[in-house]
Amino acid sequence: MSCKARFYLGTYAFLIPAVIRCPIMTNSTLLTPDNRTGRQAVWLLVLLALPTGVGLVLDTHITVMTQSMLYVLAVVVGAYVLPPAASMSCAVLAVVCLNFFFVPPRWNFAVDSQEHLVALVVMTVVALVISQLSQQLRR
């Protein structure tokens, strides 16, 4: 009987054909690491990099609140494609990115205006609620 032995080295998968006498070879005998965490991290980075890049390109044309909507859209997509813990971290990191890159004074985490502080708190709550509701809808 011919079987294919599957060996994984890091993130690169090598299928090594082998002639092995294996009457029973199930998926549980294959050496497969759990690479979901790496995929989730990539999704998280992409979901946060897209609104940041678009916001930096359109910075002179749109306001901070419009940029916050780009991050809310990223949180909605993240809630759909990520598991609950990664979805919640996407929501929190979206607010952190908005604060760091776009809220004056820029390029630090200080907030000068109470209006922006309230907007960041409300955005955090809305992003977490969206994430939770999307997770519940998926079940």
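**Salt bridge, helix packing, aromatic cluster and cysteines**

One salt bridge is found in a search of the whole structure, which is a predicted model. The bridge joins Arg-106 to Asp-59, with 2.5 Å between the closest N and O atoms. Side chains of opposite charge can pair when their charged atoms come close.

The protein contains 4 helices and 2 strands. Along the sequence these elements follow the pattern β-β-α-α-α-α. Of the 139 residues in the protein, 28% are buried. Among contacts with a separation of 6 or more, 55% are between residues 24 or more positions apart. The accessible surface amounts to about 9,200 Å², and carbon and sulfur atoms account for 70% of this area.

Helix α3 has 18 residues, which at 1.5 Å a residue should span 26 Å; the C-alpha atoms at its ends are 26 Å apart, in agreement with that expectation. The buried residues of α3 are Ala-86, Ser-87, Cys-90, Ala-91, Ala-94, Val-95, Cys-97, Leu-98, Asn-99 and Phe-101. Their cover includes α1, α2 and α4. In an α-helix, residues three or four places apart point the same way because there are 3.6 residues a turn.

Helix α4 contains His-116. This histidine is buried, its relative accessible area being 16%, a value under the 20% cut-off. Apart from neighbours within four places in sequence, the contacts of His-116 are Val-64, Met-65, Val-103, Pro-104 and Val-111.

The structure also holds 6 aromatic pairs. In one of them, the ring centres of Phe-100 and Phe-101 are 5.1 Å apart and the ring planes stand at 90°, so this pair is edge-to-face. Phe-100 also forms an edge-to-face pair with Trp-107, for which the centre-to-centre distance is 5.9 Å and the angle between the planes is 85°. Phe-100 is partly exposed, with a relative accessible area of 23%, and Trp-107 is partly exposed at 49% relative accessibility. Phe-101, by contrast, is among the buried residues of α3. Ring pairs link Phe-100, Phe-101 and Trp-107 with Tyr-71, Phe-102 and Phe-109 into a cluster.

A search of the whole structure finds 0 disulfides. The cysteine sulfur closest to that of Cys-90 is in Cys-97, at 9.0 Å, which is too far for a bond. Likewise, Cys-97 is in no disulfide, and its nearest cysteine sulfur, that of Cys-90, is 9.0 Å away. A disulfide would require the sulfur atoms to lie within 2.5 Å. Both cysteines are listed among the buried residues of α3. Cys-90 has a relative accessible area of 0%, whereas Cys-97 counts as buried at 16% relative accessibility.

Key
Residues numbered from 1 in each chain as written. Predicted model: local features only at pLDDT ≥ 70, side-chain atom pairs only at ≥ 80, totals over all residues. Heavy atoms only, no water. Salt bridge = Lys/Arg side-chain N within 4 Å of Asp/Glu carboxyl O. Expected span 1.5 Å × (residues − 1). Buried < 20%, exposed > 50% of the residue type's maximum accessible area, 1.4 Å probe, protein only. Contact = heavy atoms within 4.5 Å. Areas by Shrake-Rupley, 256 points an atom, 1.4 Å probe, with all protein chains shown as cover. Phe/Tyr/Trp six-rings, centres within 6.5 Å; stacked < 30°, edge-to-face > 60°.
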